[in-house]
Amino acid sequence: MPEILLDIQNVSYTYGNGKKALDGVNFTVTAGEFVALAGRNGSGKTTLTRLAMTLLKPVGGSIHFQGQSTAALTPADMARSIGYVFQNPDRQIFRDTVLKEVAYGPEQLGFSQNDVSNSVNWALSMTGLTELTDSFPRSLSRGQKQKVAIASALAMRPKMLILDEPTSGQDPWDAQNLMNLLTSLNKEGITIILVTHDMELIARYTGRAVVLDQGRKVFDGLPDELFGGSLDIEAWGLVPPAALALSRRLPGVHAKSAAELVELLGSAIRQGRERYA
Ligand SMILES: Nc1ncnc2c1ncn2[C@@H]1O[C@H](COP(=O)(O)OP(=O)(O)OP(=O)(O)O)[C@@H](O)[C@H]1O
């Protein structure tokens, strides 16, 4: 039975101005999962992830990580367990070389010299940044900076990564590259929570989707179920993947992502050619 890492039970959160951002949310993440956290703007996604990192404390309910209550833990404590990657990598890059940037976290956590070196080398190699070790991070492309932010989180050897809209503002090539990286990290055993508006990404890469609407959890299940056609996902502010919308109009075709649609149409065309050859 895989271990439960993050266990959020009946959590509510209200901001100082009286805005109730979360209302009785239950959200459990098991080791090895690749979970999408989706929902329209203002549905509570960032609030939920900030609670997981103990950047905020719940006003109701409880949060445990690997069975331990996070009530008395600080964000620095949580950094050992969960790596948090902001939407804008510039918000978390401060040092003047990639190496120093990636080494900063494990040094702050008191890793030995040897462990810092091993963790940094591993994180740089996982993210494909080994060649850029001596580069000035701020001069890198957005996609590379995003990888530096991920490497910095990985170097602290967390069990879980939470990424807040990591592909927003990236070109399609960088976005695909990033998603391939997350897929390989997940295969290495890192549990991933991906906060995203992008239904194509959910359909193509994640194993489970959790949807929030107005601070409540309204869906928790397989992407196939979310996009299966029986749920009114537009009512939650979600836009179905374009490939799904298109394939609904094509008899006998059911594709959840553009890549799947291209594959299905390609093989249908090949079969047609063979039939008439
Ligand atoms: N610091 C704050 N003070 C007051 N209200 C806030 C604060 N931060 C968020 N909110 C409100 O709490 C609700 C949930 O916001 P949150 O940022 O968690 O949503 P979100 O799903 O992450 O949205 P987005 O996709 O736009 O990032 C929204 O109504 C938002 O306006």
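**Helix packing, ligand shell and domain contact**

In helix 5, Arg 142, Gly 143, Gln 146 and Lys 147 meet Asp 174, Asn 177, Leu 178 and Leu 181 of helix 6. Sorted by class, this contact between helix 5 and helix 6 holds 2 nonpolar, 3 polar and 3 charged residues. The structure described here is a predicted model. Helix 5 spans residues 142–154 and helix 6 spans residues 172–187; their axes come within 9 Å and cross at roughly 20°. Because angles under 35 degrees count as roughly parallel, helix 5 and helix 6 are therefore roughly parallel to each other. The crossing in which helix 5 passes helix 6 is right-handed.

Helix 5 also packs with helix 3, at an angle of about 35° and with the two axes 7 Å apart. The crossing of helix 3 and helix 5 is right-handed. On the side of helix 3, the residues that take part are Val 98, Glu 101, Val 102, Tyr 104 and Gly 105, and they meet Val 148, Ala 151 and Ser 152 in helix 5. The class composition of this contact of helix 3 with helix 5 is 5 nonpolar, 2 polar and 1 charged residues.

A further contact of helix 3 is made with helix 4. Helix 3 covers residues 98–108 and helix 4 covers residues 113–126; the pair packs at an angle of about 130°, with axes 9 Å apart. That angle makes helix 3 oblique to helix 4. Helix 3 passes helix 4 in a crossing that is right-handed. The residues of helix 3 in this contact are Leu 99, Val 102, Ala 103, Pro 106 and Glu 107, which meet Asp 115, Val 116, Ser 119, Val 120, Ala 123 and Leu 124 in helix 4. By class, the contact of helix 3 with helix 4 comprises 8 nonpolar, 1 polar and 2 charged residues. Val 102 of helix 3 is listed in the contact with helix 4 and also in the contact with helix 5.

The shell around the ligand was examined next. The residues surrounding the ligand are Tyr 15, Asn 17, Lys 19, Ala 21, Gly 39, Asn 41, Gly 42, Ser 43, Gly 44, Lys 45, Thr 46 and Thr 47. Helix 1, which runs over residues 45–52, supplies the largest share of this shell, with 3 residues. Divided by class, the residues around the ligand are 2 nonpolar, 8 polar and 2 charged.

At the level of domains, the chain is divided into domain 1, with bounds 4–233, and domain 2, with bounds 241–277. Their C-alpha centres lie 33 Å apart. The contact between the two involves 8 residues of domain 1 and 7 residues of domain 2. On the side of domain 1 that touches domain 2, helix 7 (199–205) and helix 8 (223–226) each supply at least two residues. Helix 7 gives the most to this side, with 4 residues. The class composition of the side of domain 1 that touches domain 2 is 4 nonpolar, 1 polar and 3 charged residues.

Notes
Residues are numbered from 1 along each chain as its sequence is written. This is a predicted model: local features need pLDDT of at least 70, side-chain atom pairs count only at pLDDT 80 or more; totals for chains, interfaces and linings use all residues. Axes are lines fitted to C-alpha atoms, for helices over the stretch in contact, and angles run from 0 to 180 degrees between N-to-C directions. Angles under 35 degrees count as roughly parallel, over 145 as roughly antiparallel, 65 to 115 as roughly perpendicular and the rest as oblique. A crossing is left-handed if the near helix is turned anticlockwise from the far one by less than a right angle, and right-handed if clockwise. Ala, Val, Leu, Ile, Met, Phe, Trp, Tyr, Cys and Pro count as nonpolar, Asp, Glu, Lys and Arg as charged, and the others, Gly among them, as polar. A residue is near a molecule or strand if its C-beta atom, placed from the backbone, lies within 6 Å of it. Domain bounds come from an automatic or database domain assignment.
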